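Visitor: Hi, I'm new to this one. Can you show me what we're looking at?
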There are 2 protein chains.
Amino acid sequence: MSEMLHPGATIGILGGGQLGRMLSVAASRLGFKCHIFEPGAEPPAGHVAHRVTTAGYDDAVALAEFAASVDVVTYEFENIPTEALDLIEATRAIRPGRRVLAISQDRIHEKSFVNEIGLATAPWAEVSDMASLEAAIAKIGTPAILKTTRLGYDGKGQARIMAPEDAPAALAAMEGATAVLEGFVDFSAEISVIAARGLDGSVACFDPGENVHKSGILHTTTVPARISEAQRTDAILIAARILNALDYVGVMGVELFVTPKGLLVNEIAPRVHNSGHWTQAGCTVDQFEQHIRAVAGWPLGDGSRYADVEMLNLIGDDVAMVPDLAKAPRTQIHLYGKAEAKPGRKMGHVNRVL
Amino acid sequence: MSEMLHPGATIGILGGGQLGRMLSVAASRLGFKCHIFEPGAEPPAGHVAHRVTTAGYDDAVALAEFAASVDVVTYEFENIPTEALDLIEATRAIRPGRRVLAISQDRIHEKSFVNEIGLATAPWAEVSDMASLEAAIAKIGTPAILKTTRLGYDGKGQARIMAPEDAPAALAAMEGATAVLEGFVDFSAEISVIAARGLDGSVACFDPGENVHKSGILHTTTVPARISEAQRTDAILIAARILNALDYVGVMGVELFVTPKGLLVNEIAPRVHNSGHWTQAGCTVDQFEQHIRAVAGWPLGDGSRYADVEMLNLIGDDVAMVPDLAKAPRTQIHLYGKAEAKPGRKMGHVNRVL
């Protein structure tokens with residue numbers, strides 16, 4: 001491991017939200033400092049970082065200074081402008097690398113890539129206008145869901161098409177952006193594999209968790225997922241295949257649908273993932289440290305699961321539950337230090353050891 | 001719990017070493033920011049704190065500004081000058097409170113207090129000159145150990161007296177400071193209880209750990225300690241008695257000798273304690289979060305132990321073991337971000353889940 005970053009080194013993190021916050025804490029356990037780059041003021045990650053740069057992704061000077069001040073760069077979200085990445089990459093390694101960002105920033109690229117490496121997705125078709133939407137509906141059927149290809153997450157930029165007559169309204173909701181129509185899948189569960197791949201190519205996956213969404217936002221993740229041993233193995237093999245095909249370095253969230261015909265890849269996220277927060281209460285090394293280890297060229301840690309855990313997101317006013325949760329046994333609270341509890345805003349999460 | 005500090009509040013921590021560092025990380029989990037006050041430059045806690053003040057404990061202006069910027073003050077070491085505490089306490093609550101500091105800053109006060117509340121210590125006597133040292137040796141016998149009453153830790157300010165003729169050299173080593181002679185105790189083990197008391201008076205103790213020292217510095221703590229169920233109960237009752245007698249708020253480390261005649265109190269430390277680091281790998285809520293909860297007026301968390309753990313300190317050059325430890329299964333590494341590995345310096349620790 002000659003490329004192992006030495007304790008005392010600085011890791012640059014693009015994005016200062018709760019994922020950056022928990023990455024920074026994990027990095028401190030390994031003796032690293034973190035420098036956060038974030039356009040917004042008072043980022044949650046800034047409370048536990050050595051340094052914060054408040055600047056936009058179009059600020060070339062700030063980006064260059066940021067890159068010069070760190071030893072390696074990672075990110076907590078995938079929608080970083082290409083120009084910003086170019087500027088940073090001129091002087092510092094970005095891990096995970098550029099290829100996965102190009103893929104995951106665009107749903108069509110992502111689904112094409114997944115299919116090309118032999119993995120199944122829900123049926124999908126590209127939609128750019130009414131004619132292609134009608135053709136897509138004819139091919140895929142309804143119900144289906146229309147999503148913008150870029151920048152959508154947590155239910156934003158999405159419209160359901162329950163019957164062909166919903167098509168015009170759904171298309172209008174895309175506001176002219178290229179979209180993808182996805183067929184509804186008859187799934188019994190959605191599961192996530194939080195997978196890690198080291199700089200040396202080794203792969204380690206956390207035990208798959210089972211996700212429940214509410215209003216398009218992750219509500220709970222429970223481990224173990226209620227799947228068979230064969231499905232568990234399949235899930236891990238799928239994730240490993242994706243990581244290897246991308247020569248990936250870091251942690252990735254791979255969301256899968258469990259269907260009678262096997263596992264379908266729903267979405268990949270080239271970063272630590274909300275559905276992996278349970279690892280903080282169930283493993284010796286959690287997803288945040290695993291990501292930092294990979295990015296820093298360290299061996300991956302032992303992420304074997306030693307407890308059953310339910311992770312519950314605290315969204316918006318859910319934080320009002322904190323005084324009661326604070327008294328509950330076997331309960332670990334994680335708050336993100338956000339000042340205001342807006343509807344739909346992720347304020348924290350709770351890991352309950354079952 | 002009307003006095004519960006709200007997420008978003010700031011906790012002031014006196015001292016910026018590794019204990020402050022891990023306290024700051026724990027505070028972030030509950031949504032708090034930390035402001036570190038530390039005379040030394042580049043403190044380890046500063047890497048994960050919202051704010052750092054670099055100033056001496058004699059800097060009244062800096063202390064007043066620090067107090068004004070935080071909601072409550074705690075500390076990571078006990079030897080804070082009285083004048084500094086007076087200045088802070090004029091505007092902000094200090095938790096744990098002043099009484100325990102007055103006691104724990106002076107070995108004679110500490111031992112007197114422990115004996116007064118009906119708990120046993122090793123035989124001891126105050127020593128201020130050769131005459132009182134000879135009288136103490138006559139009363140306690142040899143071997144014995146002479147320690148300065150103030151400011152000593154990790155084997156500093158101590159001299160062994162194996163036979164009466166060692167007395168002059170031992171006294172000289174005290175450099176004129178008042179000292180205490182402690183009789184050697186025939187103990188089978190040294191154990192620690194990491195005990196917490198909330199603002200509401202509730203007490204919760206972590207399972208006692210068994211300590212092994214090397215060259216006067218803690219080497220390993222292992223849980224469970226090899227003690228009987230009755231000894232375990234006794235240990236926890238002793239710790240609870242100390243906390244209640246002091247109307248204590250926060251986490252305290254209580255070191256006990258296991259002897260054929262029962263448990264003797266060796267030392268108390270009014271703060272999170274090195275022998276409680278195992279809680280990071282063995283409990284839903286660790287000692288650092290438990291301390292923050294108490295200081296912030298929150299209910300104490302669930303610190304029940306769910307795993308057997310061995311904590312190993314990484315002292316000085318021990319950090320060279322990190323690349324190998326990083327590959328080991330069931331192993332959690334904690335490094336403190338200290339630049340230079342000096343002999344005797346605590347560089348980090350490792351929790352191995354057994």
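Guide: A term to start with. A crossing of two helices is right-handed if the near helix is turned clockwise from the far one by less than a right angle, and left-handed if anticlockwise. Also, this is a predicted model.

Visitor: Okay. Which hand is the crossing of helix 1 and helix 10 of chain A?
Guide: Right-handed.

Visitor: At what angle do those two helices of chain A pack?
Guide: About 70°. Helix 1 covers residues 18-29 of chain A, and helix 10 covers residues 287-295. Their axes are 8 Å apart. The angle makes helix 1 of chain A roughly perpendicular to helix 10 of chain A, because 65 to 115 degrees counts as such.

Visitor: Which residues meet there?
Guide: From helix 1 of chain A, A:L19, A:M22, A:L23, A:A26, A:A27 and A:R29. From helix 10 of chain A, they meet A:F288, A:E289, A:H291 and A:I292. By class, that contact has 7 nonpolar, 1 polar and 2 charged residues.

Visitor: New topic. How much area do chain A and chain B bury between them?
Guide: About 3,100 Å². Carbon and sulfur atoms carry 59% of it.

Visitor: Which three residues of chain A supply more of its buried area than any other three?
Guide: A:R29, A:H47 and A:T284. They supply 16% of the area that chain A buries against chain B.

Visitor: And how many residues does the contact take from each chain?
Guide: 38 from chain A and 38 from chain B.

Visitor: How many salt bridges between the chains?
Guide: There are 2 between chain A and chain B. One pairs A:E42 with B:K33. Their closest N and O atoms are 3.7 Å apart.

Notes. Residues numbered from 1 in each chain as written. Chains lettered and ligands numbered in written order. Predicted model: local features only at pLDDT ≥ 70, side-chain atom pairs only at ≥ 80, totals over all residues. Heavy atoms only, no water. Axes fitted to C-alpha atoms, helices over the stretch in contact; angles between N-to-C directions. Helix = DSSP H or I, 4+ residues; strand = E, 2+ residues; numbered from the N terminus. Parallel < 35°, antiparallel > 145°, perpendicular 65-115°, else oblique. Contact = heavy atoms within 4.5 Å. Nonpolar A, V, L, I, M, F, W, Y, C, P; charged D, E, K, R; others polar. Buried area = accessible area lost by both parts, 1.4 Å probe. Salt bridge = Lys/Arg side-chain N within 4 Å of Asp/Glu carboxyl O.
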